[in-house]
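This note collects points for a reader who is meeting the structure for the first time. Please read the points with the sequence and the model at hand.

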2 protein chains.
Amino acid sequence: MAEEKAVRFGILGCASIARKLVRAIGMTPSSSVYAVASRSVDKAKAFASSNNLPPEVKTYGSYEQLLDDPCLDAVYIPLPTSLHLEWALKAVQKKKHILVEKPPALCVEDLDTIIEACNNNGVQFMDGTMWMHHPRTLQMKAFLQNPDLFGDLHKVHSAFTFEGSDKFFEEDIRVKPDLDALGALGDQGWYCIRAILWANDYEMPQSVIAHPVPVLNEGGVITSCGATLSWQDGRVATFDCSFHSCLTMDLSMHGSKGILNLHDFVIPYEENSALFYSSTNTEFWEMATAWGPRPSEHRVTADFTQETLMVEEFARLVKGIRDSGGKPESQWSSICRKTQIVLIAVKTSIQEGLISVTL
Amino acid sequence: MAEEKAVRFGILGCASIARKLVRAIGMTPSSSVYAVASRSVDKAKAFASSNNLPPEVKTYGSYEQLLDDPCLDAVYIPLPTSLHLEWALKAVQKKKHILVEKPPALCVEDLDTIIEACNNNGVQFMDGTMWMHHPRTLQMKAFLQNPDLFGDLHKVHSAFTFEGSDKFFEEDIRVKPDLDALGALGDQGWYCIRAILWANDYEMPQSVIAHPVPVLNEGGVITSCGATLSWQDGRVATFDCSFHSCLTMDLSMHGSKGILNLHDFVIPYEENSALFYSSTNTEFWEMATAWGPRPSEHRVTADFTQETLMVEEFARLVKGIRDSGGKPESQWSSICRKTQIVLIAVKTSIQEGLISVTL
């Protein structure tokens, strides 16, 4: 009975990045991995085996076969971004709810086509921005929303960088113009932009301008860039993303009364707990020889991984539609679309010679 | 004998910001406060008394009188920036070595006039960027210069902000167009720009562009702004300064192999020790469920305050000239000038509608 009620996932593609979410689906009581598809059934079987999936999990040698399975409720799409539009639409037309890896699309128009198809077919859309679902994110938001502890938001700075290996720069889909053409901007910048929007309660910036000097590879894929976002009332945000710098995931927010910062906002250093640091009403001491108070450390324990919590939230929404006749929750497509619009504005600024793009 | 050899300082102006350095001069064995001047002798006497200066310290009712004292070796100039040119030149013409509060001048031309006068008169110049002299700064530099621990520098981000009180916005010289017309850019941005140049081994950026939306008060003084600096090889730096956000002093540097960051780079949280945090070769663990290693905390103990160490270095240079016939050390004027050039480029970008300024 419980098994019947679980949301049955199909995995569309067996890339290694799928492994983490497959694990999360298996760890979420309300969901199960029902089928796995690759372009060959051998690959699908090898993926199922290496990920310790139960023997009853179906393996398909084509994405179409998986989508034709009437028992599937939902599809997780970890394919390269260039394939998202085609396979998201095919999945949605088969009435499958979709959980799509980020970036969900190469352009805003493609994302709108996907979201519109979801709405027309009554299926749930969510992108795979897993850190949104960590309990730390909620606790940080409570701090930001507290007028006595944080006050008015003025600045956000975010950076997500890692140093790609030689193999990464030769083989990874994130440096291939025909696969993940948005490169570091799509892979890392997505999270930074989402964090900036999240901190700004999803109020869109007025203008976006890319920083000099973006780095593009010979295929025209961005491997390092940054940008400044600004709001009419003076709020400013900056971010950096790069495949060339040491791994870090910085996020800091400056308010009139408080400061919040952390260095692992996308993936916490460890799965079962995460930290953030805050200061409130810091001030100089006598003669400005010292100041304080120092930032307070906040530890947030997590009984479930952020990916598990994301799957749980997605499954909850799917069940609401499947079992109770509910409608898709539009929040996730709305913030996804805003993220995509800002991301494409950064890309446009880079392409047009670092112009200021008005939104 | 030891007293005769000490560098005798005159304090030109009794602003409350002078107190910290007067204390430092008193704590430095190689220097002493010899005289204090204000626009009235009563004010000078009150300052001497409230700062527990010894009774033999002379008090003058005009700056000219102080400069005419033949026993003085050096002058500390904590006056508002708009008065620096006049009084620095007068001091230098009297062969006094000068330690000038930052920002040293309102424009590059004024600073050049001061530096040229110092060179022509054989006196030492130094600006009051005290964090440069903290032993932490040396240790951080050693980390940045280590190719195995940090690698190539790619990004610097810095922020220095504090929330001005109502009284600050009404009375402080830093919001007055006739006193410290460079506002937050001169007061806080100076440190951020210096830190960025320091991290880049004083190599000048190719271009500077201010961020939207700078905040100016009714007198046209910048109370909040930011900018992006870029180098031809792709290095990028961003900074924010503001009189409107909670007190923080962030500095982070991203290299190919390592990360360095701290939140109190201008004034350490406490005087007798300071921290910084570094990471090297951080990487994702299996399936990117976690990553590490976490940043290491480095504690640097300081037997002397950074202001004391600054005075000591200045006094060492003065003694070299006074006692050994040495020449002024040009390093300090050189990095001061570079800081001023970048600072003025940010101001120009703001004044010209956020244009990119090529250096």
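**Notes on the predicted model**

1. B:Val213 sits in the loop between β8 (207-210) and β9 (215-216) of chain B; helices (H or I, at least four residues) and strands (E, at least two) are DSSP runs, numbered from the N terminus. The peptide bond joining B:Pro212 and B:Val213 is cis, with omega about -5°. A cis bond also links B:Gly292 to B:Pro293, where omega is near 0°. B:Pro293 belongs to the loop between β16 (291-292) and β17 (296-301) of chain B.

2. On the source: this is a predicted model, in which local features need pLDDT of at least 70 and side-chain atom pairs count only at pLDDT 80 or more, while totals for chains, interfaces and linings use all residues. Residues are numbered from 1 along each chain as its sequence is written, and chains are lettered from A and ligands numbered from 1 in the order in which they are written.

3. Two residues of chain B deserve a check of their backbone angles. B:Asp201, although not a glycine, has a positive phi of about 50°, and B:Tyr202, also a residue other than glycine, has a positive phi near 65°. Most residues other than glycine have a negative phi, and most peptide bonds are trans. B:Asp201 is in the loop between α9 (183-199) and β8 of chain B, and B:Tyr202 lies in the loop between α9 and β8 of chain B.

4. Are these two residues buried or exposed? A residue is buried if 20 or more other C-beta atoms lie within 10 Å of its own, exposed if 12 or fewer, and partly exposed in between, with C-beta atoms placed from the backbone. B:Asp201 counts as exposed because it has 10 C-beta neighbours inside 10 Å. B:Tyr202 has 13 such neighbours inside 10 Å and therefore counts as partly exposed.

5. Chain A contains 11 helices and 18 strands. Its radius of gyration is 21 Å, close to the 21 Å that the globule rule gives for 359 residues, so chain A is as compact as a globular protein of that length. The radius is taken over C-alpha atoms, and the rule is 2.2 Å times the number of residues to the power 0.38. Along its principal axes, the C-alpha trace of chain A spans about 70 × 50 × 40 Å. Of the 359 residues in chain A, 55% are buried.

6. Contacts are defined by C-beta atoms, placed from the backbone, that lie within 7 Å. Among the contacts in chain A with a separation of 6 or more, 69% join residues 24 or more positions apart.

7. The domain assignment, automatic or from a database, divides chain A into domain 1 (2-130 + 307-329) and domain 2 (132-304 + 340-358). The C-alpha centres of these two domains of chain A lie 27 Å apart. In the contact between them, 17 residues of domain 1 meet 18 residues of domain 2. On the domain 1 side, α6 and α10 (306-324) of chain A are the elements that give two or more residues, and α10(A) gives the most, with four. That side divides into 11 nonpolar, four polar and two charged residues. In this scheme Ala, Val, Leu, Ile, Met, Phe, Trp, Tyr, Cys and Pro count as nonpolar, Asp, Glu, Lys and Arg as charged, and the others, Gly among them, as polar.

8. How do the axes of α6 (residues 108-121) and α11 (residues 331-351) of chain A cross, and at roughly what angle? They come within 10 Å and cross at roughly 170°. The two helices are therefore roughly antiparallel to each other, a label for angles over 145 degrees. Axes are lines fitted to C-alpha atoms, for helices over the stretch in contact, and angles run from 0 to 180 degrees between N-to-C directions. A:Val108, A:Leu111, A:Ile115 and A:Cys118 of α6(A) meet A:Ser333, A:Arg337, A:Gln340, A:Ile341 and A:Ile344 of α11(A). By class, this contact has six nonpolar, two polar and one charged residues.

9. In α2(A), the buried residues are A:Ala18, A:Leu21, A:Val22, A:Arg23, A:Ala24 and A:Ile25. They pack against β1 (7-12), β2 (31-37), β4 (74-77) and α10 of chain A.

10. The contact between the chains takes 53 residues from chain A and 53 residues from chain B. β12(A) gives the most to the side of chain A that touches chain B, with nine residues. That side divides into 15 nonpolar, 26 polar and 12 charged residues.

Notes:
Angles under 35 degrees count as roughly parallel, over 145 as roughly antiparallel, 65 to 115 as roughly perpendicular and the rest as oblique. Two residues are in contact if their C-beta atoms, placed from the backbone, lie within 7 Å.
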